Amino acid sequence: MKSGSPSTRLTVADLEKLQGILSEAHLDYQLELVDGKIIVTGPSDIVSSEIGLEFGRLLLNWVEPRKLGRVFESSGGFILPNSNLTAPDVSFVVADRLKQSKRYFAELVPDLVVEIKSQSDRLQPLREKILSFIELGAKVGILIDPDKGTVTIYTPTAEPVVLRDGDMISIPELLPGWEVRVAELWPIEFE
């Protein structure tokens, strides 16, 4: 790896070397590369994790039988045109853009990116991450905030739309006909 001078920009190769070192030491960290810096991301709280799994399940249940594309969870890494390597909490790539997965990071911008606010997250960096994906070519970005009970949908051509429990999530530009009630995302409470 390159030395740690402030002007040094690390690469995907540097990140892979670090992952190899950590793996040999039996340490499992999720790493992202953002603007030449390696970011260590901690685990999500279980509410955020459950929401991510539920969103991904609902999406996959619609996408898979129709062969519309591929759905990825938070470990699926994407190498972006700006050389960042990042993993949205949930993402979707249209079938025509990724006909077959390979045993490496996807070298493209997902069509849909979903970020879920964890207990320790701040909203502004999550918004910036979604907007960065949109600037690079994502068609839709979704920010789920369990604390406020909101789902905000970002697109390149419109102002963000904030949805709440009584509202339906739909993504007609990518998934015509798919609709999910916002309230379905929140973890159920057992009696």
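**Salt bridges in a predicted model**

Tutor: This model is predicted. In it, both D96 and K99 are exposed.

Student: What makes D96 and K99 a salt bridge?

Tutor: Their closest N and O atoms are 3.8 Å apart. The cut-off is within 4 Å, for a side-chain nitrogen of Lys or Arg and a carboxyl oxygen of Asp or Glu. D96 and K99 therefore qualify.

Student: Why can such side chains pair at all?

Tutor: Side chains of opposite charge can do so when their charged atoms come close.

Student: How many salt bridges does a search of the whole structure find?

Tutor: Seven. One of them joins E107 and K102, with the closest N and O atoms 3.6 Å apart.

Student: Why is E107 called exposed?

Tutor: E107 has a relative accessible area of 52%. Exposed means over 50%, so E107 is exposed.

Student: And what makes K102 exposed?

Tutor: The relative accessible area of K102 is 55%. That is over 50%, so K102 is exposed too.

Student: How do you know that K129 and E115 form a salt bridge?

Tutor: The closest N and O atoms of K129 and E115 are 3.2 Å apart. That is within 4 Å, so the pair counts.

Student: What does the pair of K129 and E115 tie together?

Tutor: K129 lies in helix α3, residues 123-136. E115 lies in strand β7, residues 112-116. So the pair ties together parts that are 14 residues apart in sequence.

Student: Are K129 and E115 buried or exposed?

Tutor: Both K129 and E115 are buried.

Student: Which residues are linked in a network of salt bridges?

Tutor: R97, D111 and K139.

Definitions and conventions:
Residues are numbered from 1 along each chain as its sequence is written. This is a predicted model: local features need pLDDT of at least 70, side-chain atom pairs count only at pLDDT 80 or more; totals for chains, interfaces and linings use all residues. Side-chain values use heavy atoms; hydrogens and water are left out. Buried means under 20% relative accessible area, exposed over 50%, partly exposed in between (1.4 Å probe, protein chains only). Helices (H or I, at least four residues) and strands (E, at least two) are DSSP runs, numbered from the N terminus.
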